[in-house]
Amino acid sequence: MYIFFLYIDPGSGSYLIQAIVAAVLGIAFFFRNIAMTVRHFFYRLFRKKSKMP
Amino acid sequence: MPVAFTPQPSSYRDPAGFLFHRDGTLYRQVNRSFQPDYDIFLSSGLYDHLRDRHLLISHEEISENLTGRADWYRTLRPEPIPFISYPYEWCFDMLKDAALVTLQAAADAMDKGMMLKDATAYNLQWHQGHLLFLDTLSFERYDERQPWIAYRQFCEQLLAPLALMHYLQWPLSPLFLTYPEGLPLPLVKKMLPLRSRFNLHVYLHLHLHGGLAARENKSEGAPRPFSAKKLRDLLRSLRTAVSSFELDRRSGVWSGYYEEAAQRDDYLEQKLALVDRWSSNIPAVTATDLGANEGRFSELLAAQGKLVVSADFDHYSVNRLYQKIKSDGTANIHPIVLDLAHPSPALGANLEERASFIDRAPKGLVLALALIHHLAIGNNLPFDRIVQLFRALGPSLIVEFIPKSDEKIAAMLQHKKDIYNNYTQEKFLEAFGRSYRIVAQEPVGASGRTLYLMEAHG
């Protein structure tokens with residue numbers, strides 16, 4: 001198998017950091033998505049109520 | 001029999017292929033070793049998708065082996081780009097768009113089972129109203145277990161300069177001249193203010209990354225398995241960071257220049273009418289507008305169908321011109337930040353990778369309006385040197401002479417000793433007359449300024 005990307009010099013901090021960054025982002029985006037869902041739920045609820053006569 | 005071709009001096013890093021010139025045309029060879037990736041790039045529809053969305057330069061495939069080399073697989077003829085500029089000449093919004101295009105191309109590639117292996121700012125170019133990816137061979141088969149090979153490059157070349165400009169509110173494109181491969185992240189970490197740490201994305205990609213990069217000698221061991229979900233999160237985070245960056249201070253050096261100039265009787269209208277009349281009779285299809293400000297005259301030349309390179313040393317003026325041509329959909333203006341007293345030099349291996357501005361400039365009409373006093377008095381350049389610069393940029397010239405009695409020069413000399421005895425209209429004509437013949441000359445209203453149309457001798 002050819003490994004074409006060796007010329008970019010991968011072995012200097014970028015692999016380890018990506019593993020750490022991705023783990024933190026996974027948690028951050030998980031909670032952000034929950035927050036968005038909750039916000040959206042209340043937004044819809046509020047909009048429905050305000051539409052009532 | 002060996003075939004005569006000239007390899008492009010900047011195209012030597014990637015074993016997947018290389019650029020070369022033959023009979024005045026630029027081609028790209030795809031090497032046999034890259035065949036599997038290149039075939040998927042086409043068959044997956046990624047090439048068509050990126051080209052149709054104006055994210056990648058289009059090319060024509062040639063079935064002939066033009067280099068005669070044994071490792072040949074395909075020859076491509078990319079759409080020609082008449083003027084190339086480099087990140088050290090870009091305004092903030094151009095660099096920001098370059099970062100966003102790179103992230104978009106990476107995300108789109110993932111959707112088609114491929115990934116972007118390079119994230120260098122030099123792979124993008126402003127062409128016909130779009131920032132395009134140039135390197136067709138930057139897309140390889142995606143392996144879900146691998147993190148993004150170009151992550152560090154993206155952080156060093158695109159994210160870091162944008163973050164610094166945003167947090168310091170200072171145009172810093174010239175840093176690319178000192179650090180052509182990207183900014184060292186440990187340095188970026190030191191330069192960023194404390195408040196940047198409170199942005200999660202900036203903290204992770206620059207502060208944490210910079211901290212770890214500083215200890216790069218430490219062995220990382222075997223690469224940890226990654227996933228597509230993780231990579232998408234990474235791209236999303238980078239996009240969120242880049243999108244949040246801004247640099248647009250209204251009070252640039254020239255801001256309000258046109259409003260102020262317009263108040264001087266009908267100075268601006270007269271000048272526009274003169275330049276329009278003269279330039280429309282010049283056969284040149286390209287123009288270089290030196291000291292372009294926010295591009296009023298560049299737009300005039302562009303409306304005549306000329307390709308215009310608009311250069312100014314004020315970053316904010318260039319940024320506003322870039323925003324304007326983007327919103328107007330103007331395809332033939334190429335704005336760049338350039339200090340004419342220090343034009344971009346030749347750079348890279350053997351000084352051949354990146355040509356100097358003078359070598360790259362389109363050699364057509366040169367427009368130098370309200371500029372000569374900045375060079376002659378602001379930068380102490382003798383007329384002969386200015387002639388040398390203008391002449392190197394093209395054979396036709398429209399130049400404005402500003403007399404010493406002008407209020408702008410009086411303002412310049414207020415805090416400067418007047419050592420400019422040679423700054424007279426006679427000396428100006430003498431110096432320019434050695435290289436040009438005067439085709440037409442007209443005073444601009446009652447301003448005391450004179451506009452000249454000149455053609456180079458021979």
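How many residues of domain 1 of chain B are in contact with residues of domain 2 of chain B? I found 20 residues of domain 1 of chain B in contact with 24 residues of domain 2 of chain B, where contact asks for C-beta atoms, placed from the backbone, within 7 Å.

**Ground rules.** I am working with a predicted model, in which local features need pLDDT of at least 70, side-chain atom pairs count only at pLDDT 80 or more, and totals for chains, interfaces and linings use all residues. Residues are numbered from 1 along each chain as its sequence is written, while chains are lettered from A and ligands numbered from 1 in the order in which they are written.

**Domains.** For chain B I noted domain 1 (1–247) and domain 2 (257–456); such bounds come from an automatic or database domain assignment. Their C-alpha centres lie 34 Å apart. On the side of domain 1 of chain B that touches domain 2 of chain B, helix α3 (residues 92–111) of chain B gives the most, with 3 residues. I sorted the residues of that side into 13 nonpolar, 5 polar and 2 charged. Nonpolar here covers Ala, Val, Leu, Ile, Met, Phe, Trp, Tyr, Cys and Pro, charged covers Asp, Glu, Lys and Arg, and the others, Gly among them, are polar.

**Core.** The largest nonpolar core has 128 residues, and Leu159(B) and Ala368(B) have the most contacts inside it. Both domain 1 (1–247) and domain 2 (257–456) of chain B give residues to this core, so it lies between them. Such a core joins buried Ala, Val, Leu, Ile, Met, Phe, Trp, Tyr and Cys residues through C-beta atoms within 7 Å; buried means 20 or more other C-beta atoms within 10 Å of the residue's own, all placed from the backbone. Beyond four places in sequence, the contacts of Leu159(B) include Ala99(B), Phe154(B) and His205(B).

**Sheet.** I then traced an open, mixed sheet of 7 strands in chain B, ordered β12-β11-β10-β13-β14-β16-β15. Its edge strands are β12 (333–337) and β15 (436–443) of chain B. Strands are DSSP runs of E of at least two residues, helices of H or I of at least four, numbered from the N terminus; strands pair if DSSP finds at least two bridges between them. β11 (residues 307–312) of chain B pairs with β12(B) in the parallel sense over 5 bridges, and Ser310(B) stands opposite Pro335(B). β10(B) and β11(B) are also parallel over 5 bridges, with Ala287(B) partnered by Val308(B). In β10 (residues 286–290) of chain B, 4 of its 5 residues are buried.

How values were computed:
A residue is buried if 20 or more other C-beta atoms lie within 10 Å of its own, exposed if 12 or fewer, and partly exposed in between; C-beta atoms are placed from the backbone. Two residues are in contact if their C-beta atoms, placed from the backbone, lie within 7 Å.
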